[in-house]
Amino acid sequence: MDSTEFRKRGMEMVEYICNYLETLNERRVTPSVEPGYLRHLLPTEAPQEPEDWDQIMADVEDKIMPGVTHWQHPRFHAYFPAGNSFPSILGDMLGDGIGCIGFSWAASPACTELETIVLDWLGKAIGLPNHFLALKEGSTGGGVIQTSASECVLVTMLAARAQALKRLKAQHPFVEEGHLLSKLMAYCSKEAHSCVEKAAMICFVKLRILEPDENASLRGQTIHEAMEEDELQGLVPFFVSTTLGTTGSCAFDNLPEIGKELQRFPGVWLHVDAAYAGNSFICPELKPLLKGIEYADSFNTNPNKWLLTNFDCSTLWVRDRIRLTSALVVDPLYLKHGYSDAAIDYRHWGVPLSRRFRSLKLWFVLRSYGISGLQHYIRHHIKLAKRFEELVLKDKRFEICNQVKLGLVCFRLKGSDKLNEKLLSIINESGKLHMVPASVNDRYIIRFCAVAQNATAEDIDYAWDTIVDFANELLEKEQHDELSEIINRKKQDTLAQKRSFFVRMVSDPKIYNPAINKAGTPKLSMELPSPVVSRGSAPIIRTQSSVDHNSWISWPLAFLFYGNNEDKGSNVSLRFRHLDTNVRPSSSRRNSGAGSSPSPENELDYVNVQQQQQEQKSPRRSPMVVRKASGSRDTTN
């Protein structure tokens, strides 16, 4: 591709980008693809011969775009804003066209000096103290552009570690450095970004994660108590990472309290991570959120989040640049130059050596919008967040879970975490909106952030209507499922009750024969068996009435024995262990007749046992005589 074709293709690319951004609302927010989808669409090897540019761009639309999550989409409300604007894109385009590698002043003086100047511009707009500005007279501080906030936290922890080890080595010159390293302890809140934990892993230091208060804010007393405990155990506090605008809920650690407490622990590095919220401090009404910054040793914010600047552009300021660079200096001969003592070499300010001309895009943005334009953009996003908060508060089924100070609203359905997980899942699966969850005060919440540069009130209303529609559908389904569960449980309870009734029925004739309850309960004697008394053709059981416990033969078993003893000559006794009773069929038959219930007579109870039989339905059965068994434990015959 020569310059002639580049002009042509460049104009086409600008047109493609403009059309993409203007028609984003016609696309799904998130792609509906599975992992590995692209592997099946592209060749396994790079092409051996050049391919036509038109074919390449056709593949972008057909194969790449179906797998893109559209962070600039007006329905994208996840994470935080991903900065994007036309001046920033042109700044990156120019920087890429220049193609310099600005690791030192000599490698590209403009690249280095523009970064220093632009960082001072932004630091003043935010309201940082003068000791953070490189060009202020008497200042030893300054700013630098890093890749991300994660890198900012890492390099400041490395610098703090180097200073702590230097101090401990002076106090204990004969102690091995590895042993001293094992004593170092860093601190952060449970709500701090995960990059703090990763930085501690890289630095091989201990990290104590502290509990915030009910507003997700880390307090000074918590830090003080933790440090005193650790010092008593022989550990050495050396680094504290605080957050202004946490990732989960945009909460603010109490920086004034923490700063004052750290005055009792000299040598502890205080870092302030304000990756999202720090950009908003260019608005005068929001500067009170920066209170306590005078105690900090370093501060970072990300213009690539909320200042319309494309990634990567994370800005870091330090109070003392010598403390930072002394931890990271590696100075081989081939990187030295004649102005090393007079100029800043940013290769000493971070992990990578090679550095892009990133200050160009930030410079373009600050000049194209001006501070007033950026303030308007930030205030607009805060207004949209307040609108969404009002909509949530009007629906009593939902609740707000954070203090809405900037552009992030945390909310949830009143109910279980599982219910909110289901709600977020079905919303994201639809492709109509995209949000992400967080855990705040050990509760599952849904984060809603205004992110699109040109987001409108209609976008917020659409998002809320979508959330409500899915919530209605989910709650109806949950109510139906709950009702079905109640019905099924009632059926199970009813079945269990029927089974229990049957078991009791076959054991207690009072349940199925109310006449017994009226006549009283007969009582079987534990003494020697009384003779069988005959009244007409019906057998009679004679028992002592003085025994105070109830014993009955279950009616299904009696029916069974009546049916199995048709032989007139049968005179076999049957033994029931659980009733201690013998059953003996009578040698005589009796005709069917109406049964009678037992009733007590004088000192003895006489129980009529008559067969209730319908002549048309059942055969004639032999009557049986049931008598109380003797004291011997005979087995069933």
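Colleague: Does Q233 count as buried or exposed?

Modeller: First, a caveat: this is a predicted model, where local features need pLDDT of at least 70, side-chain atom pairs count only at pLDDT 80 or more, and totals for chains, interfaces and linings use all residues. Residues are numbered from 1 along each chain as its sequence is written, and side-chain values use heavy atoms, with hydrogens and water left out. Buried means under 20% relative accessible area, exposed over 50% and partly exposed in between (1.4 Å probe, protein chains only). Q233 has 60% relative accessibility, so Q233 is exposed.

Colleague: Where is Q233 placed?

Modeller: Helices (H or I, at least four residues) and strands (E, at least two) are DSSP runs, numbered from the N terminus. Q233 is in the loop between α8 (220–232) and β4 (236–243).

Colleague: And R347, buried or exposed?

Modeller: R347 sits in the loop between α11 (321–325) and α12 (359–394). Its relative accessible area is 5%, so R347 is buried.

Colleague: Which backbone oxygen does the R347 side chain reach at 3.2 Å?

Modeller: A polar contact is a pair of N or O atoms within 3.5 Å; within protein, one must be able to donate a hydrogen and the other to accept it, and residues adjacent in sequence count only if both atoms are side-chain atoms. The R347 side chain reaches the backbone oxygen of L335 at 3.4 Å. At 3.2 Å, the R347 side chain reaches the backbone oxygen of V330.

Colleague: How are α1 and α2 oriented, roughly parallel or oblique?

Modeller: Axes are lines fitted to C-alpha atoms, for helices over the stretch in contact, and angles run from 0 to 180 degrees between N-to-C directions. The axes of α1 (residues 3–22) and α2 (residues 53–64) come within 12 Å and cross at roughly 15°. Angles under 35 degrees count as roughly parallel, over 145 as roughly antiparallel, 65 to 115 as roughly perpendicular and the rest as oblique. So α1 is roughly parallel to α2.

Colleague: What about α5 and α7, roughly parallel or oblique?

Modeller: Helix α5 (residues 149–171) and helix α7 (residues 194–203) pack at about 40°, with their axes 9 Å apart. That makes α5 to α7 oblique.

Colleague: Which residues of α7 meet α5?

Modeller: Contact means heavy atoms within 4.5 Å. On the α5 side, the residues are A149, S150, V153, L154, M157, L158 and R161. Those they meet in α7 are C195, V196, A199, A200, I202 and C203.
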